[in-house]
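Please read the following note alongside the sequence and the model.

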Amino acid sequence: MKKLGRKALAVAVAVALGAGVTSVVTAPATASVNGGEAHGGEATFLVLTPQGATVDRALARVAAADGRVVADYRQIGVLVVRSANRDFVADTAGAGVESVASTAGLGTVLDEGHTVELTPAQVAAAGGDPSTEPLFEQQWNMPMIDLPRAHTVTAGSADVVVGVLDSGISSSHPDLAGQIARDKSASCLGGVADTTEAAWNPTTSDHGTHVAGTIAAARNGVGVTGVAPGVKVAAVKVVDNEGYIYPEAAVCGFMWAAEQGMQLTNNSYYIDPWQLNCRNDARQRPVWQAVQRAIRYSQSRGVLTVASTGNSHHDMAHRFVDSGSPNNGTPEVREVNGACLVLPAQAPGVVTVAAVGPTGQKSYYSSYGQGVVDVTAPGGDSRIRTQGLAPTTADAILSTTFNTVTRTDGWGWKQGTSMSGPHVTGVAALALSARPGTAPGQLAALLERTAVPQPCPAGGYDPVPLLPSATDYTATCQGGTRNGFHGAGIVNAYRAVK
């Protein structure tokens, strides 16, 4: 097995259904694409202006440089502009403009791996507890966060809307069709909100559909149950048809969630092809500033941002040498220091989530870090062990799926910090349902305060090494009750709502 790519936020378990053959796979290699040039030869630019000041001078400079404003986020001093002028950056420099950056080449691949789907026959034969959902018995992750007891208190309020910033949500899925806030859903591709239903539905990825099911799949006697089946989810599409996330789409997503009155957003991705965004790098500084402005604005409007740490197995609290970024071109070797952050996971005020498997220990792929990870949640941990135990889907997360080839809805397994994040978002939605009006900071503190502490494993890491690349996953767990692998602990739905 080769070491996991740094861009991955979901790792897949590939299974030959019915044949009993199981293996862990990494996602396919990424392809390069110039994002801004996908618009008729025009490149896309982020133009940053002084916050709190008028944008009139910036608009004038953009017009004079043959630019076309496609999105005006003057609330945070960010303009999304398209232009075919190769000298656009130089031509807009001056009073009223802080910085300008082309986003061409800054697309990050959403590497969600492959879904292992249940066949219709398997769904029909699942049985399960009819008082819950037919597939609930295969959702080991839900009892782990004490969900059955939490649902005796609340299953969530329809007044709570969660923005799923991802690849879209299938509006036809029987477990999700009634859960979607369609009037608040939009595609943010290109940095511009498009509210047509076709725009925010999935096209080439079912990642967002899987995430949405973990958060809010309905209790309707069909399929699975979500953590908070009583709340609503809004599809906020930030992943394009090639599987890339561009900074302007993420900025649009945070702004859209804020303006639509959402209380939570789930983010299972990182922004731009460098795994960490460094404010001391001129190429990345405008992205760093624009994204953090958008997150801060959403927080000021009552939105709590939940984000996954990623599957790179990095210690995010210490310096390391990044030799795998950017992921869409020739990698550069650079030392990553305190000026560099994983966005949105390490932005101030964001709830940062790592992943655990069925044993409650850190998943082998999950990034970690003392003072970085706030809480952890089930993300799956299918692996090959030296004892000869084969990984199975029983170690991954079962949720809703959408087959983008056959265009059919279903259920299946994925694993990754992409899967742990929505558990935390769902628990936050339950807590907010039980305590309406709770501010984002208070809600984040509640998640940590009610989490169940998970100690570092003996020896600092999982005593059952991976085969054949155990050395690739050596990690040291630092801290005591609150530590770098698990933060404050595994989120607990019942403790959060009781």
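**Annotated site and cores**

1. Asp166 touches Leu110, His207, Gly208, Val211, Val236, Lys237, Val238, Val239 and Ser268, leaving aside residues up to four places away in sequence, where contact means heavy atoms within 4.5 Å. The model is predicted, so local features need pLDDT of at least 70 and side-chain atom pairs pLDDT 80 or more, while totals for chains, interfaces and linings use all residues. Residues are numbered from 1 along each chain as its sequence is written, and side-chain values use heavy atoms, without hydrogens and water.

2. Asp166 lies in strand S9 (residues 161-166), strands being DSSP runs (E) of at least two residues and helices runs (H or I) of at least four, numbered from the N terminus. Asp166 is buried at 2% relative accessible area, the term meaning under 20% with a 1.4 Å probe and protein chains only.

3. The "active site" annotation in the unreviewed UniProt entry covers Asp166, His207 and Ser418; such annotations may be inferred rather than shown by experiment. Although these residues are spread over 253 residues of sequence, their largest C-alpha distance is 10.1 Å.

4. Ser418, found in helix H10, is buried at 0% relative accessibility, and its side chain makes a polar contact with that of His207 at 2.9 Å. A polar contact is a pair of N or O atoms within 3.5 Å, and within protein one must be able to donate a hydrogen and the other to accept it, with residues adjacent in sequence counting only if both atoms are side-chain atoms.

5. In the largest nonpolar core, of 51 residues, Val351 and Val424 touch the most other members; helix H10 (residues 417-434) gives the most to this core, with eight residues. Such a core is a set of buried Ala, Val, Leu, Ile, Met, Phe, Trp, Tyr and Cys residues joined through side-chain atoms within 4.5 Å.

Conventions: Buried < 20%, exposed > 50% of the residue type's maximum accessible area, 1.4 Å probe, protein only.
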